[in-house]
Amino acid sequence: MRVFVTGASGHIGSVVVRELLAAGHQVVGLARSDASVAALKSIGAEVRRGNLDDLEGLREAAATAEGVIHLAFKHDVAFTGDYAGAVAADLHAIEAMSAGLHGSGKPFVGTAGTLALAHAMLGRPGTEHDALEGGPRIDAENAVISLGKRGVRSSVIRLAPTVHSSLDHQGFVPSLITMARKNGFAAYVGDGANRWPAVHTLDAARLYRLALEGAPAGSRIHGVAEEGIPFRDIAEAIGRGLGLPARSVSVEDANKYLGFLSAFTQLDNPTSSAHTRDLLGWKPTKPGLLADLAERHYFESATPA
């Protein structure tokens, strides 16, 4: 299958590209910089130069491919204050790419996050059957799901907030480590009993391939290997890795010590992937988050938050 991949040179996208190539697929990766072009060519992928604002280019690339995996998001824009702009750009990109796929039966795999389910306060682990009416990034998820009614074999992978491995240099875990170094302790809020799901990068990449190859139209899929790790356990593992204590902070002081992650670190987000495993035969095999933190690779490289 000839697959167009956005976000192809990123942390997760680069591993997805390798997974696809190893399975015999052809890959055309979207690249917006010379470094991304070089990285993609070095692993055997074709390159389409462009970005999420090049809507006509996205439409053409999707129409000429046999499948699409959409991983790109303007994280740099979102984290510098224009989250609404990043969300809008993502939705416009999805609309452009899907316009070239209507009625084709081709697969379109989008990306979302499990943390959206935490805001719904379900009182139980979130499942693939849980759907939200709307909101930032949820609108994009729903737009992809709705393509199933327009002749596209669409699916959305909701990723755990921690997609972890030695390849993770920009995610939540490196940011938490940077903050702990600055604070002199690894912070958690209150009793830290709230839970975060997690998945290893290599397991997540395999899930994208399985979704591309076989997910039914309109499927919500959970990229979750561990249903919910108490956030205090994550903070304590970071503290051990840095030789620092883990310490509770109040809700009022959370922003002082956890910055842009303060709200996220308080969310309780237990999430099931039982349906995903049954649907696609996905079996995560890589180390869990705490075991990965114990390997020390996260602490051997300095990554700014």
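Which side chains meet in a salt bridge at 2.9 Å, N to O? In this predicted model, the two partners are Glu 46 and Arg 2.

## A link between strands

The bridge between Glu 46 and Arg 2 joins distant parts of the chain, for the two residues are 44 residues apart. Glu 46 belongs to strand E3 (residues 46-49), while Arg 2 belongs to strand E1 (residues 2-6). Glu 46 is partly exposed, with a relative accessibility of 34%. Arg 2 also counts as partly exposed, at 26%.

## A link between a loop and a helix

A salt bridge also forms between the side chains of Arg 32 and Asp 76, with an N to O distance of 3.6 Å. Arg 32 is in the loop between strand E2 (26-31) and helix H2 (34-42), and Asp 76 is in helix H4 (residues 75-79), so this pair ties together parts of the chain that are 44 residues apart in sequence.

Arg 32 is exposed, at 59% relative accessibility, because exposed residues have a value over 50%. Asp 76, at 40%, is partly exposed.

Arg 59 and Glu 56 meet through their side chains in a salt bridge of 2.6 Å, N to O. Both residues lie in helix H3 (residues 55-63), where they are three residues apart, or about one turn of the helix. Arg 59 is partly exposed, with a relative accessible area of 30%, and Glu 56 is likewise partly exposed, at 49%.

## The wider set

The model has a count of 14 salt bridges. Some of these contacts form a network, which links Glu 19, Arg 209 and Glu 213.

Technical notes: Residues numbered from 1 in each chain as written. Predicted model: local features only at pLDDT ≥ 70, side-chain atom pairs only at ≥ 80, totals over all residues. Heavy atoms only, no water. Salt bridge = Lys/Arg side-chain N within 4 Å of Asp/Glu carboxyl O. Helix = DSSP H or I, 4+ residues; strand = E, 2+ residues; numbered from the N terminus. Buried < 20%, exposed > 50% of the residue type's maximum accessible area, 1.4 Å probe, protein only.
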